[in-house]
Amino acid sequence: MTYSTHEQLEQSLLACDACPLCRDAIGPTSYNGSPLSPLTIVGEGPGGVEDEYGVPLVGPSGQLLDKALASVGVTRDRAYTTNVIKCRPKNNRTPTIEEGQFCAAAWLDQELSLVKPKVIIALGSVALKYLMGPTARITKDRGRWFTTKHGIQAIATYHPAYLLRLTGKDLVKAKWEVFYDLRSAIEKCQELAPDYLLKSPEPPDLLALYSQRRQQRQTPKQ
Ligand code: URA
C-alpha cells in the first residue's frame with residue numbers, strides 16, 4: 001500500500017499487525033520530531049520505554065542521544081526520529097536482518113519517501129545494515145558517507161545503547177567518534193538545507209509532547 005500523506009501512513013502504521021512482533025508489544029511505535037525536517041535519525045527498534053510511550057528513542061538511549069545532539073546544536077523536535085523496526089521484540093532482543101527488512105519495506109521506506117530528508121543518521125548496526133547493506137559493519141563503516149537506495153546521503157554512528165555499556169577509555173574514544181560523526185551530519189545538513197533551524201529557539205518540552213502520545217496509547221495486552 002502506498003500512502004500520499006505522512007498522517008495516513010502513521011494511522012496505518014499504528015494499526016499494523018503484519019508480523020508476529022506486535023503480539024509481544026503494546027503496539028507499533030511511530031516517530032517523533034518534525035516530518036518537515038531535513039534531518040532524519042534512524043534507530044534500531046523500540047525498547048520498553050518506547051513501547052510504553054509509542055515514541056522512538058525516549059528512554060535511556062534517547063536521553064543520551066538528546067545530549068549528544070545538543071553538543072552539535074540540534075534539538076530533537078527539529079529532527080525526525082524513527083526506527084527500522086516498529087514493534088518491541090520480546091525481551092528486547094536484537095531484531096534479525098529479515099525482521100528489519102520486512103518491517104522497513106512496509107514502513108521506513110515509505111516514511112523516507114514522504115519525509116524526503118536530506119541527511120540520515122543511522123544509529124548502530126541494525127540501521128546501518130538496513131541502509132547500507134547486510135555486509136556493513138558499524139566498527140568499519142561508521143563515520144563514512146554513503147548514499148542509501150532511496151538516494152539519500154547517510155552516515156552511521158554508534159548506537160547510544162552501546163555507549164551506555166562502555167566505560168573508561170573506550171567510552172571516551174567512542175563519545176568523540178560519535179561527536180565527530182554527528183558534527184559531520186549537521187554540517188552536511190546545513191549545507192543542503194541552509195534555511196532550516198536544527199535548534200529550537202525555545203527549549204522544547206519533550207516530556208509534555210511524549211506524555212500526550214503515551215496517553216493516546218492503548219493499555220497493554222494481557
Ligand atoms: N533504541 C532504538 O534504536 N530505538 C528506540 O526507539 C529505542 C532504543
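Hi everyone, let's start inside the protein: 15 residues line the largest cavity, and Cys16, Cys19, Cys87, Cys103 and Trp107 lie nearest its centre. This is a predicted model, in which local features need pLDDT of at least 70 and side-chain atom pairs count only at pLDDT 80 or more, while totals for chains, interfaces and linings use all residues. Residues are numbered from 1 along each chain as its sequence is written, and side-chain values use heavy atoms, with hydrogens and water left out.

First, a word on terms. On a 1 Å grid over the protein atoms alone, a cavity is a set of points where a 1.4 Å probe fits but cannot get out; a pocket is an open set with protein on both sides within 12 Å along at least five of seven lines; and lining residues have an atom within 4 Å of a point.

Back to that cavity. Its volume is about 110 Å³, where a volume is the space filled by probe spheres set on the points, and grid points are joined across faces, edges and corners. Helix H4, residues 97-106, gives the most to this lining, with three residues. Helices here are DSSP runs (H or I, at least four residues), numbered from the N terminus. By class, the lining of the largest cavity has 13 nonpolar, no polar and two charged residues. For the classes, Ala, Val, Leu, Ile, Met, Phe, Trp, Tyr, Cys and Pro count as nonpolar, Asp, Glu, Lys and Arg as charged, and the others, Gly among them, as polar.

How many cavities of 30 Å³ or more does a search of the whole structure find? It finds two.

Which residues are around the ligand? Among them are Gly43, Glu44, Pro46, Glu50 and Pro56, each with a heavy atom within 4 Å of the ligand. The shell divides into three nonpolar, five polar and two charged residues.

Finally, some atom pairs. A ligand nitrogen atom is 2.8 Å from an N or O atom in the side chain of Asn83. In the side chain of His159, an N or O atom is 2.7 Å from an oxygen atom of the ligand.

Notes:
Helices (H or I, at least four residues) and strands (E, at least two) are DSSP runs, numbered from the N terminus. A polar contact is a pair of N or O atoms within 3.5 Å; within protein, one must be able to donate a hydrogen and the other to accept it, and residues adjacent in sequence count only if both atoms are side-chain atoms.
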